[in-house]
Amino acid sequence: MARALTTMAQTTVDQSFVSDEWMAERLHDWPDGTGPMYARLAGAITRLLDSGEVCKGARLPAERQLSAVLRVSRTTVASAYDMLADASVVERRHGSGTYVNRVAESTPSPPRESVLMRSLERNEIFDGLLDPPRQLLDFRAAALVDTDPLPQEALDGLAEEFAMASASHGYVPAGLLALRAAIADRYTARGLPTTPEQVLVTTGAQQAIAVVSMLHVRPDDLIVTEALTHTGAIDLFGAAGADIHTVPVGHDGADVDAIAEALERTPRMLYLIPSIHNPVGGVMSARSRRRLAALVGDHPDVVVIADDTLADTYRDRRPPAPLATFPGAESVLHIGSLSKLFWAGLRIGWVRGPAQTIRRLARLKALSDLGTSVPSQMLALRVLGLGEVFEDSRREMLAARGRALEGLLAQELPSWRFSTPEGGVCLWIHLPQSDTDVEVARAPITARDVAMAASRHGIALAPGSIQSPDRAFEDCLRLPYGYPEPVLADAVGRLSAAWSALVDGARPGAPLDEMCVVV
């Protein structure tokens, strides 16, 4: 299993000592909120103990250790511990340490559920969706925000269509035939002949990945992904108990040589993002796709997913033809979505693949929801009918916002490095890591350090490591640019202030909470 999941699985409710690194990981968003810093920290520790992940009597990290890993003053930690002691949540033993005095009264979850929940809780992007941060700009999810409304022609007469549709029972597990046909036509237009029977409509791309995972993945199955990939896919594969093996990925897509080696291990599944990679923003070339397709053809038992969720968000050039158009890759399952280019609230995604496989997936999907919302599908059909002019306008808007963020970063944070993406909704940022780049603290400044400092300046970030099954890339950040330019300018200003605080003052003995302004 991926290193992150293995590490979390080793930390169970029967632990007798809580390490500072584990605790910092679980308290990643503790600065969110209002009030004194020590009170926020005390509240976060209380919620952690109430979750049942730490047994009664366990010793918490020493004040000095926890203050160092959280980059706060020792006084802040001591005050938080004192506050918890006053509430009888912990017991302070002079010369010995701080011990848990109260934990959740519920019975610990069974092992399978524990693995599932730990997998889901690793995703800080989902945290922002489920519990939006208060008084913070949330820059964790990559989506279009504050766009022009859908054209009136997509809405005219929709109420009447809804009324007519309500005469039926509304259960369409595979999706409305008209919408399936429209999606099939899009693939056919791109050189991949497709019939409606080869399309399953899902509630977003996330459900598409979920039903494929439910059908094919079992505990301890080997899954190959790129070293950086979609966080939702990591969560789903981890929740299934899979063993995730990664291959390198860059601006030209996944390393096909590494994929060839990985396929020799006979994995159960290969999950790739060849068209506008999330988060890198690159595209796999037609030549690499052809070679990859031949490799896939030599391993017919491997389930291959090509996640094309961002494929329609290209800037200057459309990605090459879908992977399944190349010889050997006819059985590849393509996943798509309307969320990134149109509106995430539509919750319309799909799987395109062999008709027999689609039928099996539809039966499995019916177990969970009996079908995606019919009104959403009807609106999606109308949106697709708006044509290339409307889609081009959305692409131009996304590209303009991306260029705006690039310019702002070049002006305010010139030491942060990135490559202009081929499309998508975010920039993949590499933080400077040596004194030749910028004068930094003795220890390299990590993305989590930046996220912690940014929260004190009113902006919520997710470190790049959450996009790695191995929790690597600790020096990277994903910055979404789906926001209007004034919001992007505000965000970069806050990030610049947070970075300056880290570079100029975050040295040993200079805690962040003593020099950052809480917004």
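Reply: Let's go through some helix pairs one at a time. This is a predicted model, where local features need pLDDT of at least 70, side-chain atom pairs count only at pLDDT 80 or more, and totals for chains, interfaces and linings use all residues. Residues are numbered from 1 along each chain as its sequence is written, and side-chain values use heavy atoms, with hydrogens and water left out.

Me: How do the axes of H12 and H13 cross, and at what angle?

Reply: Helices are DSSP runs (H or I, at least four residues), numbered from the N terminus. Axes are lines fitted to C-alpha atoms over the stretch in contact, with angles from 0 to 180 degrees between N-to-C directions. Here H12 (residues 256–263) and H13 (residues 286–297) cross at roughly 5 degrees, their axes coming within 10 Å. Angles under 35 degrees count as roughly parallel, so H12 and H13 are roughly parallel to each other.

Me: Which residues of H12 and H13 make the contact?

Reply: Contact means heavy atoms within 4.5 Å. H12 brings Val 256, Asp 257, Ile 259, Ala 260 and Leu 263, while H13 brings Ser 288, Arg 291, Leu 292 and Leu 295.

Me: Is the crossing of H10 and H11 left-handed or right-handed?

Reply: Right-handed, meaning the near helix is turned clockwise from the far one by less than a right angle. H10 (residues 204–216) and H11 (residues 231–239) pack at about 25 degrees, axes 10 Å apart. Gln 206, Ile 209, Ala 210 and Ser 213 of H10 meet Gly 232, Ala 233, Leu 236 and Phe 237 of H11.

Key. Helix = DSSP H or I, 4+ residues; strand = E, 2+ residues; numbered from the N terminus. Parallel < 35°, antiparallel > 145°, perpendicular 65-115°, else oblique.
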